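Start with the structure below, then read on.

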Amino acid sequence: MALPPKWYQFLVSVFASLGSLLYGYDLGVIAEAIASQSFINKFKASDNETGAVVSVFTGGAFFGAALGGPLGDRLGRKKTILIGALIFCLGGGLQTGAQTMGYLYSGRAIAGLGVGTLVMIVPLYQAELAHPSIRGRVTALQQFMLGVGALAAAWISYGTYVGFAPTNSAQWRVSLGIQIIPAAVLAALILLFPESPRWLIDHGKPEEGLKTLAKLHAHGNENDPWVRAEFDQIQDAITFEHEHEAKSYSELFTDRSSFRRLFLACALQASIQMTGVSAIQYYSVTIYGLMGIQGDDTLKYQAISSVIALIAQFLCILLIDYTGRRWPLILGNLGNMVTFIIATILLAKFPPGSSNNSAAAWGFIVITWIYNFSFSATCGPLSWIIPAEIFDTKTRSKGVSIATMVSFAFNTMIGQITKPAMTNIGYRYYFLFIICNLTNAIFFWAVLPETAKRPLEEMNHLFTYAPLFVPGMKSTDFATHDLERRVEEVERKQAYSEHVEETTR
C-alpha cells in the first residue's frame, strides 16, 4: 500500500533534517568534551582557548551559510546537502582524532562550514517539497531535529563521561566521533530522494519537475488536477521571475518586494538570538555549579532541559499549520520576556553562590526550563519556517543564505559577550533580553504578514501589495487563490474531455 502523499513528503523531509540534527548534536556535545578530565589533561587549554573551540564552530557555520546560497542555485538542493554532509564528516573526523589544539580548531571550523551549509539548505528543500497545508510542520522539523541532536548529545555525553575513566581519551573522542554516523548516512542516501521540483523547472528540466511533483503529490499521476495546476503555476512564476526578479545578490537589495522579504528574514534571525536563548543556556550551567551541582549531575539537568525543548518542538510541529505564524511568534517573545523578568528578579535578590538560598537557585533553574519551552514551541522553529517560505524560487537560496549568516553572526556575538557581561554587570545583562523580547513582539506584530498555507508562488503578490503596517490585515487578505482557480480549470477541462470521449463512442 502506497504512503499518502503528505506522509511521503514528511518522511523525505525527516531524512533531510538529519543535517539539522548534526547542528544540535555538535553544539551539545562540545560542552561535555571540553569539560572531560581526559580532555583537560591532554590539551591543558586556557579559558580563551576552550572558548575559541566553541566559537570557531559558529564562525565556520557563518561561511557555510554563505557557501550554501550559490551552491543551492547552481548544483541543486540535494547536491548541496551532499556537499555539506561530506564537509561535516571531514570536520568530525579531525575533531575525533585531534592530537593538538590546531587539529581541534580546524575540525571545528570545517564541521561548522558543513553545518552552516546544511541548516541553510535543508528547510529550503523541505519547503519546496511540501504541500502548502503542511509546509509549517515540515519546515519545523529543522528545530525539532536540532532538539533531537541536543538530547542525543546530552545522554551520549553522560554515558561516555561516566563510562570511561578520566585518563581515557575515549571519554570525549567517542561522543565526538558518533556525530560522523548520521552525516555519513545523509551523504550516502540523499541522492536517492527527489530533487526540488521548483529547482528542476527553474533549470530547464520541466518534464523531470512534473514527474517529481506527481511523485510527491499524487503517487506519480501526472494528470492529477492539483499536480497540473501546481506545475503550471510554478512555470508561470519562474518565467516571470526570470524576466523581472533578482538575478544576483545585489538585486535582493534593489527590488522593493525582495528587499522587504530579505529584511524580515534577517530581522527574524537576529531577533532569535536577542531573545537570550544562548545567554540563558550558557549561564544556567554556571548556576548549577554555584549550587554545588557538578559533573554528571549537571549533564542530567541539561538533559532534562533538552527533553522539555523536544516536547515543545513536537507541539509546534502538530499545531503550527493551524495557528499560523504571526501570533505564535508574537506571544512566544512575550512569554520569553516574562521568564526573563522573573529570572532577573531572582538573580538580583538572591545572587547565586552568595545567598545560599537553594530554593531561589532552583527557581532560576525551573524558569530556564519554562523559557526553553516557550522558545522551543514558537520562536525557534519559526526562525526556520518563515525565511524558507517567503522568497521566490529565484531568490530563495540567496535570501535564506543571507538570513542564516545573520543568525550565526549574532549567535557568535552573544556567545562571546555573555561571560564577560555576566561577570561585570551580573543580572543587569538580562535587561537587554527583557527589552529585546518586548521589541521583537511589537516589531513582528507591526510588520509581519501571515504566510501560513499560501502557495510559495503567491508570496511575491503578498509582499508586493500588502501594506507595510499589517495589524489590520486578515490572514486571507492579498491571497490570489490562483492555485485553486487553476485546479478548478484543470478539473473542468478533464471533465469536458471525458464527456467528449463518452459522446463519441
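Of the protein's 505 residues, 55% are buried. Buried means under 20% relative accessible area, exposed over 50%, and partly exposed in between (1.4 Å probe, protein chains only). This is a predicted model, where local features need pLDDT of at least 70, side-chain atom pairs count only at pLDDT 80 or more, and totals for chains, interfaces and linings use all residues. Residues are numbered from 1 along each chain as its sequence is written, and side-chain values use heavy atoms, leaving out hydrogens and water.

The protein has 24 helices and zero strands. Helices (H or I, at least four residues) and strands (E, at least two) are DSSP runs, numbered from the N terminus. Its C-alpha atoms fill a box of roughly 90 × 50 × 45 Å, taken along the principal axes.

Helix H22 covers residues 430–447. Its buried residues include Tyr430, Phe433, Ile434 and Phe444. The expected span is 1.5 Å times one less than the number of residues.

| Helix H22 item | Value |
|---|---|
| Length | 18 residues |
| First to last C-alpha | 26 Å |
| Expected span | 26 Å |

Now to a loop. Lys205 lies between helix H11 (197–202) and helix H12 (206–218). Is Lys205 buried or partly exposed? Lys205 is partly exposed, at 36% relative accessible area. Not counting residues up to four places away in sequence, Lys205 touches Trp199 and Leu200; contact means heavy atoms within 4.5 Å.
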